[in-house]
Every structure is written in structure tokens, then in C-alpha cells.
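Thanks, everyone, for making the time this morning.

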Amino acid sequence: MQGATIRSRPVYPGLAIAPLARRHIFALEGEGAGALLDIAGDLTPEVLGRSQILYVARGSLGVGHHGALQTLGAAFWAAPTVQPLLGRLDVELSRSHMGTRLYLAGTEGFIGQAMQVAAAHGIDPASVITEHRGSRARRVQCVHCKGVTEGVTASPFTCGHCGLNLYVRDHYSRRLGAFQGVNIDAEEPGAVPPPEELYL
Amino acid sequence: MMGDLQMRVTALHDEAAGIRRVRLEPVEGGLLPAFSGGAHVVVAMPDGDVTRRNPYSLCCDPEDRTGYEIAVARAAASRGGSAYIHERLAVGDVLTVGAPTNLFQPDWRAKKHILVAGGIGITPFVAMMAQFARAGLAFELHYAVRSRAAAAFAGVLQDRYGPRVKIYAADEGARLPLGALVQNQPLGTHLYTCGPERLMDAVLETARQAGWPEQALHSEHFMAPPPGDPFTVTLGRSGRDVAVAPDQSLLEALEAAGINPRYLCRGGVCGECATKVVELRGTILHGDHYLTPEERAESRTIMICMSRFSGDRLVLDL
Ligand code: FES
């Protein structure tokens, strides 16, 4: 898990079952499956009977956990990619009532995107239970062209949209679920330090 | 305090049996500082030789910047504030009123607002509902009262908001259907409660048991400082002793002695009056809702608006 040294960076305390919740929705990405499997001991038949697991296998290690999640015995649905998972989460939340708790686990980019879906339903981000798992790759928005690049592991990197060389700032926008990328060679085009692999 | 306003009483009206509404307008004329639903003001009132400063929720439409309105229940064991307003205050009198402070803000991201009031706890909701209605937000009010005769604002709220206002009169055998209230509410609903402590505890506990997260629960405690045995407090910086009378709070005694500590709520919830304890021989009788149990046990901090002391020596960092 990553530390919380910078104030605008979100904190991910780890999955724990809210004992009084009437319903539990788990949205898991890649290695995020492990966050739920690690607390399988707390998943009583009662909790599982009230649970819905949404899973997408795009993990930093590329290994699927479908089988292990399915054997837990809760309602399970696997998405082919992140977008349909977010779409399904949106539908589940629109059918939900107070008393439903949302759990998110996976990369920071995934948690940020799912958090935006939750916020659109009026869910307070602080009431969502989160755990960071898998790659530390960042989702970065270019402050110049506004294009979002997924899975950024090094800084500086080249914006996939406008081609500028971007330095990845530690500033995280909850609204966008992304870090900021700022042009690094505006003064002297081409004067770009070698990229460092920071977010593997 | 900074931002204090001189305000003239321009109307007094009995909203219900034992509940008086007071309209205050600025002596100097002009527009008042804006406020939002849930805000309160601290009103200074003479009571014998002491000045009482009591917090009251604003219960008027926040769009009206020409006056503030408060509603005050006649308390059975009044510490002065309420008796003064009911027995002595007259149209034309001038009062010192602090700038509005909001410690009971609605969460504007909510999809729906459920308000649960008991008795005089209706006041902050009157202002909130004016804002919700104007903004087109979903809300409902559940209002528990002893009897309809004692239900302040019931008529006007029902006229304004129709079926969104539900009244439960105890003398008709009606009770707040708490369990049903917290069921099947859409995600993004926030719950607010104001009224007697027992009612608020029941409301919040019912919602928690139904799986509501703390972030969706809001409550406003308005408590008067408890009376108690007299005691003496020593000011660490000057070495001066200040006596606290039985019906006076520590904060009031300090103010009477010419010291002006910081405060916002005067009811033990905001944390503004936290004061460092320099020396303690005795027991602090914590009366606030702010300190954690560990902080109470340590007693390195005292909330001077609500807490008292029993013992030989209490020195504060003042
Ligand atoms: S003034 Fe708010 S806690 Fe004392």
C-alpha cells in the first residue's frame, strides 16, 4: 500500500466489512481481488448472501482471479474491461438504497474512476471502503490538452494525446480521478531529463 | 466578539404555546451578513448582574437579509436567557448579536435530505427547507411534538411544503416511525436531527443499525451549560483567580471578569473554546461532546463553555 505523504493524495485504508451494512457491493480490478480474498474469513454466509462482486481482470500481473472469487459464493459478475464494469456499477448503485456499502480495490486509477461513479450517486468518498492493490501506475491528465493517459509508470512521459513531454505531479484531482501532467520542456524544447520508472 | 451586531427587536410573536419568535433588524439599517440553513447566532442578554450569551438557530429565510429571526422555548429551569425573552423582552429593545456561524451545514452533494426534529429542534430546519425548496432539492421533514398546540411553525411549514412535512403529536399517540424512515431511502440520502438528546440518539442509532455511514448523519446539540458547585479557576498568565458561581459556566465567569476567550457554539460541540490545563489538582467534570474519552481521561484540555471542576486547584493557560 502507498503512504499518504502528500495531502491531496487519497488514503486507502484497506478492505474491512462494514458489519451493519444491509448490502455490500465489491468492485475489484486485477490484483484487487486479493484484497477481498484476504478477508475471506470475515465473509460469513450472511455477508455473502448480501454481496455482489464485480470484477475485471486487468491487473498489473495480468492474472485473473475469477475462479477464487467465484468460489466465495456471492453474486459474481466479470467484466471484459474496465468501462463495462463501471457501467454495471452505475446500474447497481442506481438500484441501491442507504445501507448499501461500496468497496473498491485495485489500482489507483481504477479506484479513482469507480469513485467518480459513486460520487454521481451522492455517495460520500469517505464512506467508500478502499484498498490499493497492484501496479502503482498512475492515470494522468495532461493539463494542456486535457487528454487522460492510463497506466503511466514513468516521469516524464509523452502525452498520448498531444505529444508534449509531461512531468507527473503528485497533485491528485478527486473530481477527475487523475494526477496532473505538466509540460517539462516549454522553455527549452527537447531539454527533457531521462524518464524514471517511479510508479511500477 | 468581532462582527457583533446591534439589533433591534421589531416583532415578537408566539409561534406556539411557550415558543416565542423574535425578529431582529440591524439598528444601523442595511443588509445583514448572509447565512445558510443550520446557522446560529449568539445573543447577549442581561440576567441580573450577569450577561447571558445563548446560541439560537436562525429560523428565517436565508434570502431575507433585512432581519434575523430566532424562536425560543420557555425552558422549565431557565438559566435566564429563555425567561428574559419570554418575560422582559419588548419590541424596540436593542440586543447584541454575534455574526452567524454554521455548525450544522447541509451536505449540498446529497440526493435527498431527511430532517427529523423534536420540539424546538425545528428551528434550524425552517431555514434549511427554504433553501432546499428554492434549489429544487428533495427533502422531507419529520417533526415530533408533544401536541399540535405546542408545534411551532407546523401550520406555515405544512402550507409551504405540503406532504413533505409530517407531524407526529404525542398526545394523539403518534410516534416517529424511525425504522421505516431509514429504510428504502435512495443512495446519497443524508439525515439530520435536532431536538432532545434522547430523540437524536434514537434517530442516529436507528440509521447506524440500518447500515448508514457516519458521513450521512448530522446532528445539532443545543445544550445549556450545566449548573453545579461553585469553584475557583486560576489564570496561568496573570496568576489571577476567578470565581465561578453555581449557575454560571466557566466561560461566562471568565467573560464577566473581562477575559474574552474564543467560542462559537457555547454548547460543547465546536471545539473553539478548547483551553489548555496547566495544573490540575482535582477532577474536571467534562460536559462537552467534543473531547474523546482518552482526552477526557488525560484532562490536558478543558472545554470551558460546558465543563466544570471540583477540587483544590485548576490553572488554565489564559
Ligand atoms: S464554544 Fe464550542 S465547544 Fe465550547
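In chain B, the loop that runs between α4 (178-181) and β11 (189-194) holds Asn184(B), and I begin there because this residue, although it is not a glycine, has a positive phi of about 55°. Is Asn184(B) buried or exposed? With a relative accessible area of 60%, Asn184(B) is exposed, since the cut-off for that class is over 50%. Please bear in mind throughout that this is a predicted model.

Lys146(A), in the loop between β6 (138-142) and β7 (148-152) of chain A, is a residue other than glycine with a positive phi, near 70°, and at 51% relative accessibility Lys146(A) counts as exposed. Further along chain A, the peptide bond that leads from Ser155(A) to Pro156(A) is cis, with omega near -5°, and Pro156(A) itself sits in the loop between β8 (154-155) and β9 (157-158).

Let me now turn to the domains of chain B. The assignment gives domain 1 (5-101), domain 2 (112-220) and domain 3 (231-316), and I will stay with domain 1 and domain 2 of chain B, whose centres, taken over C-alpha atoms, are separated by 23 Å. To their contact, domain 1 of chain B brings 19 residues and domain 2 of chain B brings 15 residues.

How much area do domain 1 and domain 2 of chain B bury between them? The value is about 1300 Å², with 63% of it on carbon and sulfur atoms. Of the area that domain 1 of chain B buries against domain 2 of chain B, 28% is supplied by Glu15(B), Ser57(B) and Cys59(B), which is more than any other three residues give.

As for specific pairs, the count between these two domains of chain B is 1 salt bridge, and 3 residue pairs are found in polar contact across the interface. On the side of domain 1 of chain B that touches domain 2 of chain B, the elements giving two or more residues are β1 (5-16), β2 (19-26) and β5 (68-73) of chain B, and β5(B) gives the most, with 3 residues. Sorted by class, that side of domain 1 of chain B has 11 nonpolar, 4 polar and 4 charged residues.

One last pair to find on the screen is Arg134(B) and Asp61(B), which form a salt bridge whose closest N and O atoms are 2.6 Å apart.

Conventions: Residues numbered from 1 in each chain as written. Chains lettered and ligands numbered in written order. Predicted model: local features only at pLDDT ≥ 70, side-chain atom pairs only at ≥ 80, totals over all residues. Heavy atoms only, no water. Helix = DSSP H or I, 4+ residues; strand = E, 2+ residues; numbered from the N terminus. Buried < 20%, exposed > 50% of the residue type's maximum accessible area, 1.4 Å probe, protein only. Domains from an automatic or database assignment. Contact = heavy atoms within 4.5 Å. Buried area = accessible area lost by both parts, 1.4 Å probe. Salt bridge = Lys/Arg side-chain N within 4 Å of Asp/Glu carboxyl O. Polar contact = N/O pair within 3.5 Å; in protein donor to acceptor, adjacent residues only side chain to side chain. Nonpolar A, V, L, I, M, F, W, Y, C, P; charged D, E, K, R; others polar.
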